[in-house]
Amino acid sequence: MTDVLPVLVQTRLFRFLVVGVGAALLLFVLSWLLVSSGLSPFAGSAIAYAIAFVVAYSAQRGWTFGAEHGHTRAFPRYLALQAGCAAFSGLVSHVAVTHFGLSPVAMSALTTVTTSTVSYFASLLWVFPARG
């Protein structure tokens, strides 16, 4: 069992998930802190999202995918992917509730899993494709 953990940590999927969960937690904490300190909910959340986005991009590019990709190509693709994932998550959520009658918890789980899967494979194959 102790041999499995180092191998797991070295996988790209594990690093991708750690960065994603970390970015989500950062968004949560920053938006709470900023709004609690007096910023409007819109401004606080938007600033928190921008910071979490930059941190997530930097960590995905640098740690998850090995910093092999130039910013001029990877950043616009990452931005487009995240915008697409936001729209896709809205669509999945809508369909899950209106067509399949899923509960909010089930809808959230489905949306998280499907959007994360799309994000991972699009990052792997398009945003940060293998070199060589």
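1. Val-4, Leu-5, Leu-8 and Val-9 make a nonpolar surface patch of about 330 Å². Of these residues, Leu-8 lies in helix α1. Its relative accessible area is 40%, so Leu-8 is classed as partly exposed. The model is a predicted one, and the points below should be read with that in mind.

2. Overall make-up. The chain holds five helices and zero strands, and its pattern along the sequence is α-α-α-α-α. Taken along the principal axes, the C-alpha atoms fill a box of roughly 45 × 40 × 35 Å. The chain has 132 residues, of which 27% count as buried. For contacts between residues at least 6 apart in sequence, 61% join residues at least 24 apart.

3. Helix α2. This helix covers residues 12-36, which is 25 residues. From first C-alpha to last, α2 reaches 36 Å, close to the 36 Å expected at 1.5 Å a residue. Its buried residues are Arg-15, Phe-16, Val-19, Ala-23, Leu-30 and Ser-31. An α-helix has 3.6 residues a turn, so residues three or four places apart point the same way. The cover over the buried residues of α2 includes α1 (4-9), α3 (41-64) and α5 (104-127). After α2 comes Gly-38, with a positive phi near 115°.

4. Thr-64. Which residues does Thr-64 contact, leaving aside its neighbours within four places in sequence? They are Arg-12, Arg-15, Phe-16, Val-19 and Ala-59. Thr-64 has its place in helix α3. Its relative accessible area is 0%, so Thr-64 counts as buried. Arg-15, Phe-16 and Val-19 are themselves among the buried residues of α2.

5. Aromatic pairs. The structure holds nine aromatic pairs. In one of them, Tyr-57 and Phe-75, the ring centres are 5.0 Å apart and the planes meet at 85°, so the pair is edge-to-face. This pair links distant parts of the chain, since Tyr-57 is in helix α3 and Phe-75 is in helix α4 (residues 71-98), 18 residues apart.

6. A second pair is formed by Phe-65 and Phe-128, whose ring centres are 4.8 Å apart with planes at 20°, so it is stacked. Phe-65 is in the loop between α3 and α4, while Phe-128 is in the segment after α5, so the pair ties together parts 63 residues apart in sequence. Phe-65 is buried at 1% relative accessibility, and Phe-128 is buried with a relative accessible area of 1%.

7. Aromatic cluster. The residues of both pairs belong to one aromatic cluster, formed by Phe-53, Tyr-57, Phe-65, Phe-75, Tyr-78 and Phe-128. Tyr-78 is also listed among the buried residues of α4.

8. Helix α4. With 28 residues, α4 reaches 40 Å from its first C-alpha to its last, close to the 40 Å expected at 1.5 Å a residue. Ala-74, Arg-77, Tyr-78, Leu-81, Gln-82, Cys-85, Val-92, Ser-93 and Ala-96 are buried in α4. Helices α3 and α5 are included in what covers them.

9. Helix α5. Which residues of α5 are buried? They are Met-107, Thr-111, Thr-115, Ser-119, Tyr-120, Ala-122, Ser-123 and Val-127. These buried residues pack against α2 and α4.

10. The loop between α4 and α5. Leu-102 is found in this loop. Its relative accessible area is 30%, so Leu-102 is partly exposed. Not counting residues up to four places away in sequence, Leu-102 touches Ala-96, Val-97, Met-107 and Leu-110. Of these, Ala-96 is a buried residue of α4, and Met-107 is a buried residue of α5. Leu-102 and Thr-112 are 10 residues apart in sequence, and their C-alpha atoms are 14 Å apart in space.

Notes
Residues are numbered from 1 along each chain as its sequence is written. This is a predicted model: local features need pLDDT of at least 70, side-chain atom pairs count only at pLDDT 80 or more; totals for chains, interfaces and linings use all residues. Side-chain values use heavy atoms; hydrogens and water are left out. Helices (H or I, at least four residues) and strands (E, at least two) are DSSP runs, numbered from the N terminus. The expected span of a helix is 1.5 Å times one less than its number of residues. Buried means under 20% relative accessible area, exposed over 50%, partly exposed in between (1.4 Å probe, protein chains only). Contact means heavy atoms within 4.5 Å. Patches are made of residues with over 30% relative accessible area and no salt bridge: like charges are joined within 9 Å, nonpolar side chains (Val, Leu, Ile, Met, Phe, Trp, Tyr) within 5 Å. Accessible areas come from the Shrake-Rupley method with a 1.4 Å probe; for residues, only the protein chains shown count as cover. A salt bridge is a side-chain nitrogen of Lys or Arg within 4 Å of a carboxyl oxygen of Asp or Glu. Rings of Phe, Tyr and Trp (its six-membered ring) pair if their centres lie within 6.5 Å; planes under 30 degrees apart count as stacked, over 60 as edge-to-face and the rest as tilted.
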